[in-house]
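Please keep the sequence and the model at hand while reading.

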Amino acid sequence: MPWSNNDNNQNQNPWGNRGNGSGGGNQTPPDLDEVIRRLQERFGGFFGGGSGGSTSGGGAPNLSKGLISGVLAAVVLFWGMTGFYMVAADEEAVVLRFGKHAATKGPGLNWAIPYPIETVEKLPVTRVQRLEIGFRQFSDGAIRKRANESLMLTKDENIVDISFIIQYKIKSVEDFLFNIDSATKTVRDVGESAIREVIGRTLIDDVLTTKKAEVEVETQSLIQQILDGYEAGISVSTVKLQDVQPPERVIKEFKDVASAREDRERAKNEAQAYANDIIPNARGEGKKMVLDAEAYGKAVVERAKGEADRFNSILTAYRLAPEVTRKRLYMDTMQEVLSRADKIIIDGAVAGSVLPYLPLDRVKNKVEVKR
């Protein structure tokens, strides 16, 4: 029921007890123009219109248009300045316009239409990020194992405990931002799945001893292949095995077996090194003996040819002058024989005046040698 029809509430009109100029029976609310005029008189000093502001048209207050324009311009300027942002040297910025990719900006000072029209997401594209699987290393240096991530089954149905690290970086900010929800969770799940597949087709002895590098390479390749299939925009730099060992309950026995295998490998390597040293030397000695024999054979043949040529030349000279040749041969033979003899030849004419000398020192040496 309206207030004007309620006789009991005539004096309780929420608009007051003011009349409308035609009598006090009907109560109406005050005129809106009058309310605005009174507000202008009270606060007109703040808007530059004064207390005596005039009205125009329907009686609305004529506020200062210049001041309002200035305030609006200052607000717009401040809003526009909030669009400036700095991109670090190792980052790229993705500009989103109403949530849709609009542009990708490089390092330096950039500008985007301020919020809520455009927003900026900065991503470290050159920074290598590290992800631990099978363990967690805390800031205080403490390391805690994660058995649900590290225990896995090998090809020969043995359980092995593996902890490893994945290092990766962003290669496409658009794919990284829009195609995956959580980069850390995605890389961890993919890395765990990939290494379980690689270990599942590898023997435990190979994992513990000789094929760690192969496991790392295969795991990295498989992780990259899966992430490329997701179009995750991630490049895997390194997969590094940190700790590879059997479960704690049988670790002592496995270490003994591994030590025995290492001793066997060391003995094999030493034997191979010895063989590599002996065989080339033997081949070299054999080659040397063959070359020496060939050289000796050639020398004997050449010497025989020389002797034959010498004999032929002597024979020719003998046929031409037998006496001279015979005497010359005799003198050469005597010279060769006497040059090796330890004797002193004395002319018979003076033999009686020479005191015989017995070389006792030489005789003594010869006797000692014979003994």
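Predicted model: local features only at pLDDT ≥ 70, side-chain atom pairs only at ≥ 80, totals over all residues.

Which element supplies the largest share of the lining of the second largest pocket? The answer is α8, with eight residues.

- The volume of the second largest pocket is about 290 Å³. Its lining consists of 15 residues, and L208, T209, A258, S259 and E262 are the closest to the centre.
- At least two lining residues come from each of β13 (234-245) and α8 (251-320).
- Sorted by class, the lining of the second largest pocket holds six charged, five nonpolar and four polar residues.

**Strand β12 and its partners**

- Strand β12 covers residues 159-170, and it is largely enclosed by the rest of the structure because nine of its 12 residues are buried, that is, under 20% relative accessible area.
- Strand β8 (residues 129-133) runs antiparallel to β12 and is joined to it by five bridges. Within this pairing, I166 in β12 stands opposite L131.
- Strand β11 (residues 151-153) is also antiparallel to β12, with three bridges between them. Here L153 stands opposite I159 in β12.
- Between β12 and β13 there are 10 bridges, and these strands run antiparallel as well.

**Nonpolar cores**

- The largest nonpolar core contains 36 residues, and I162, F164, I166, I199, I223 and I234 have the most contacts inside it.
- Each of β4 (91-97), β8, β12, α4 (173-178), α5 (183-200), α6 (204-208), α7 (212-230) and β13 supplies at least two residues of this core. The element that gives the most is α5, with seven residues.
- Another core, of five residues, lies apart from the largest one, and Y85, V87, V95 and A112 are among its members.
- Leaving aside residues up to four places away in sequence, I162 touches I133, G134, S150, M152, I195, I199, V207, L241, D243 and V244.

**Backbone details**

- Most residues other than glycine have a negative phi, and most peptide bonds are trans. The following places depart from this pattern.
- The peptide bond from Y115 to P116 is cis, and its omega is near 15°. P116 is in the loop between β6 (108-111) and β7 (118-124).
- E157, which is not a glycine, has a positive phi near 65°. It belongs to the hairpin of β11 and β12, in which five residues lie between the strands.
- With a relative accessible area of 66%, E157 is exposed, because the cut-off for that class is over 50%.
- E231 likewise has a positive phi, of about 55°, although it is not a glycine. The place of E231 is in the loop between α7 and β13.
- The relative accessibility of E231 is 48%, so this residue counts as partly exposed.

Note on methods: Residues numbered from 1 in each chain as written. Heavy atoms only, no water. 1 Å grid on protein atoms, 1.4 Å probe; cavity = no way out; pocket = protein on both sides within 12 Å on 5 of 7 lines; lining within 4 Å. Points joined across faces, edges and corners; volume = space filled by probe spheres on them. Helix = DSSP H or I, 4+ residues; strand = E, 2+ residues; numbered from the N terminus. Nonpolar A, V, L, I, M, F, W, Y, C, P; charged D, E, K, R; others polar. Buried < 20%, exposed > 50% of the residue type's maximum accessible area, 1.4 Å probe, protein only. Pairing = 2+ DSSP bridges. Core = buried A, V, L, I, M, F, W, Y, C linked by side-chain atoms within 4.5 Å. Contact = heavy atoms within 4.5 Å.
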